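Subject: Structure handover and findings

Dear colleague,

Please find the structure below, with its sequence. My notes on what turned up in it follow.

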Amino acid sequence: MIRVDQAGEYGAQRIYAGQLAVMGDRAPHAGEIAAMAEQERRHREAFDALMAARGVRPTALQPFWHVAGYALGAATALMGPEAAMACTAAVEEEIDRHYSAQLDALEAEGSDPELASMIADFRDDEREHREAALAAGAERAPGYPLLAGAIRLGCRVAIRLAERI
């Protein structure tokens, strides 16, 4: 769980980096994106610390996430501010599902209250990001259902890969 979650937070940081590289700091929603990126950085750092403390190795796919996350962020930002927000809404929807499933498993086992607390806190942040993206016009992005569906599918594939590699 820790490896997958750290990879996801790293990927989210890279998505926001790609969006901000294209949009700059004056584009619509740039301030919101920068604030979300800062939260993702704090999430990743918390998982980095937990990985070090527990001897968990990162996914071997980290170099791929580095490039793929940035490319996804840049591509959606090039499509416009609503598409960038659509990307955020789609990613955060999948992360909410993923974190919720992890919490269900942790609660059933009752084995790791520290990790469960961390995931619950971060899930709340991810839900706020999704709501902010929807409020900022994510659903007005051109081809929103197709774009969001493709991004959600990509997230599910990335999660499964990080679980195994």
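Helices here are DSSP runs of H or I with at least four residues, and strands are runs of E with at least two, numbered from the N terminus. The model is a predicted one, so local features need pLDDT of at least 70 and side-chain atom pairs count only at pLDDT 80 or more, while totals for chains, interfaces and linings use all residues. Residues are numbered from 1 along each chain as its sequence is written, and side-chain values use heavy atoms, with hydrogens and water left out.

Pocket and cavity

Both terms rest on a 1 Å grid over the protein atoms alone: a cavity is a set of points where a 1.4 Å probe fits but cannot get out, a pocket is an open set with protein on both sides within 12 Å along at least five of seven lines, and lining residues have an atom within 4 Å of a point. Points are joined across faces, edges and corners, and the volume is the space filled by probe spheres set on them.

The largest pocket holds about 470 Å³ of space. It is lined by 26 residues, and those closest to its centre are I15, W65, G154, C155 and A158. At least two lining residues each come from helix 1 (2-23), helix 3 (62-79), helix 4 (81-109) and helix 6. Helix 6 gives the largest share of this lining, with ten residues.

The search of the whole structure also found one cavity of 30 Å³ or more. The volume of the largest cavity is about 30 Å³. Its lining consists of A12, I15, Y16, T88, V91 and E92, and the elements that contribute two or more residues to it are helix 1 and helix 4.

Cysteines

Taking a disulfide as a pair of cysteine sulfur atoms within 2.5 Å, the whole structure has zero. For C87, the nearest cysteine sulfur is that of C155, 7.5 Å away, and C87 is in no disulfide. C155 is likewise in no disulfide, and its nearest cysteine sulfur is that of C87.

For accessibility, buried means under 20% relative accessible area, exposed means over 50%, and partly exposed is in between (1.4 Å probe, protein chains only). C87 is buried at 0%. C155 is buried too, at 14%.

Salt bridges

A salt bridge is counted when a side-chain nitrogen of Lys or Arg lies within 4 Å of a carboxyl oxygen of Asp or Glu. There are 17 in the structure.

Two of them are in helix 2 (residues 30-54). R41 pairs with E45 at 2.6 Å, N to O; the two residues are four apart in that helix, which puts about one helical turn between them. R41 is partly exposed at 26% relative accessibility, and E45 is partly exposed at 37%. D48 pairs with R44 at 2.4 Å, N to O, again with a spacing of four residues, about one turn of helix 2. Here D48 is partly exposed at 27%, whereas R44 is buried at 16%.

Another salt bridge joins E163 and R164, at 3.5 Å, N to O. E163 is partly exposed, with 35% relative accessibility, and R164 is exposed, with 61%. Salt bridges with shared partners also link E93, E94, R97, R130, E131, R152 and R156 into one network.

L153, V157, L161 and I165 make a nonpolar surface patch of about 310 Å². Patch residues have over 30% relative accessible area and no salt bridge, with nonpolar side chains (Val, Leu, Ile, Met, Phe, Trp, Tyr) joined within 5 Å and like charges within 9 Å. The areas come from the Shrake-Rupley method with a 1.4 Å probe, and for residues only the protein chains shown count as cover. I165 sits in the segment after helix 6 (144-164) and is partly exposed, at 35% relative accessible area.

A148 is in helix 6 and is buried, at 1% relative accessible area. From A148 to A162 the C-alpha to C-alpha distance is 21 Å, for a separation of 14 residues in sequence.

Regards
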